[in-house]
Amino acid sequence: MKWLSQNVETVLSLTIAHLGLALPAIVLSLLIAVPIGRLAHGLRWLRNPTIAFVGVLYAIPSLPLFILIPSIFGTGLRSSATAIIVLTVYGVAILVRSAADAFAAVADSTLTSATAVGYSRWRIFWAVELPLAVPVLIAGLRVVAVSTVSLVTVASLVGISSLGTLFTDGFQRGIIAEVVAGLVVTVAIAVALDLLLAGLGRVLTPWTRHRREAAV
Amino acid sequence: MSLWQETLAWFVASDTWSGPGSVPQRLLEHLAITAGVLGLAAAIALPIGIFIGHRRTGGGIVVVLAGAARAIPTLGLLTILGLALGIGLGAPIIALVILAIPPILAGAYSGIAATDVVTVDAARAVGLSESQIVRSVELPLALPVILGGVRSATLQVVATATLAAYTADAGLGRYIFTGLKSRDYGELIGGSLIVIVLAVCLDSIFGLIARRTTRSSLPKKSHTKRNQ
């Protein structure tokens, strides 16, 4: 506690840096994974190869990606852009599968009805498929949010500032309180984001609540 | 020299393949850490998951625990354990076991809990004891899901076992950390490529096993025909 009270400002600025890496990566993962997941769902032959490929992405140890990405994208070795791209790769790896499952969970009869009442394909996607895919999508996004927030810490090993800096610095100087502070704040952010997304999911799908009340 | 040329140079260097700290030795260490961690995690998580799954209540706790564990950054856990236990393999092994438990636990619980209640009741009705039901009805039916949990735990542990080199002189992560420190990125990328290939190999093995177990847990059509 003494360490924390003397270093509140450091922890705060690292928390902001942490969120500055995690939040863009989570949003980018969603924007990239949903179209890929929809395509993989629509084109059956594409589904299994895509899911196998993103499975392999997930097997890549994170540390080397922090060196590989700059050589591919030309971003700076210690820039936040590098960290955001690395985190997005893992986010996409998790979320593509959920997205494909989410669209598969939409009943065919619903889509046929939408066609029958004259919806265009474009409108079916935005007004029927996407909203109905939200529950499964949100479940996937919650996993991505939590694991991204915790993965950001690895960036500290290559010198990109985040709450993980408290781990490397604390380890070098032998200050357990510093490491514990980093751990607690990271987990707290992850839990907060998780709850926030769960709430968002509930707001976006009012019909699921309705059904539950009707059942009671 | 470009990054890829450096990597190639590392792969063809004779030091890479023989002597102390060469690839065969690091690979064996990495596999030993992975196998040990998975064995420990399975010994803890499988019985608990099967027990809770068989009772079919208390599943909420498993889901909450698995989610909470995912939020713990492995690097932070490793650092705390490293400071507490000192340099060595103890810290990474405990940290990796904590990483591996949630997926195995979730797989065991959901696999067992998802076996058809009618099937289980039928087994009970013909006089099977509870332990017989678990062993010869629920476990075989749940095997594909349980293996799925072990599979994703394996993938995570193989990739994350590279962090073991942060506190111990062991595993393929050695190349990554040495390469990072000495800015020898050829060594770093080379070491990581070996980890990726290892992960893909292990995943394919699980894929093969999964195909076998799924097939054997489904009713065999040709079999029933022959019986008629």
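**View 1. Contact between chain B and chain A.** In this predicted model, 27 residues of chain B are in contact with 31 residues of chain A (two residues are in contact if their C-beta atoms, placed from the backbone, lie within 7 Å). At least two residues of the side of chain B that touches chain A come from each of α4 (59-71), α5 (74-85), α8 (130-160), α9 (173-181) and α10 (185-217) of chain B; helices are DSSP runs of H or I, at least four residues long, numbered from the N terminus. With 9 residues, α10(B) provides the largest share of this side. The side comprises 19 nonpolar, 6 polar and 2 charged residues (Ala, Val, Leu, Ile, Met, Phe, Trp, Tyr, Cys and Pro count as nonpolar, Asp, Glu, Lys and Arg as charged, and the others, Gly among them, as polar).

**View 2. Packing of α3(B) and α8(B).** Helix α3 (residues 23-55) of chain B packs with α8(B) at an angle of about 140°, their axes being 10 Å apart. Axes are lines fitted to C-alpha atoms over the stretch in contact, and angles run from 0 to 180 degrees between N-to-C directions. Residues of α3(B), including B:T34 and B:H54, meet residues of α8(B), including B:V134 and B:V158. By class, this contact has 10 nonpolar, 3 polar and 1 charged residues.

**View 3. Packing of α5(B) and α6(B).** The axes of α5(B) and helix α6 (residues 90-113) of chain B lie 8 Å apart, at an angle of about 145°. Among the residues that meet are B:T74 and B:L85 in α5(B) and B:G90 and B:L99 in α6(B). This contact divides into 10 nonpolar, 3 polar and no charged residues.

**Conventions.** Residues are numbered from 1 along each chain as its sequence is written, while chains are lettered from A and ligands numbered from 1 in the order in which they are written. Local features need pLDDT of at least 70 and side-chain atom pairs count only at pLDDT 80 or more, whereas totals for chains, interfaces and linings use all residues.
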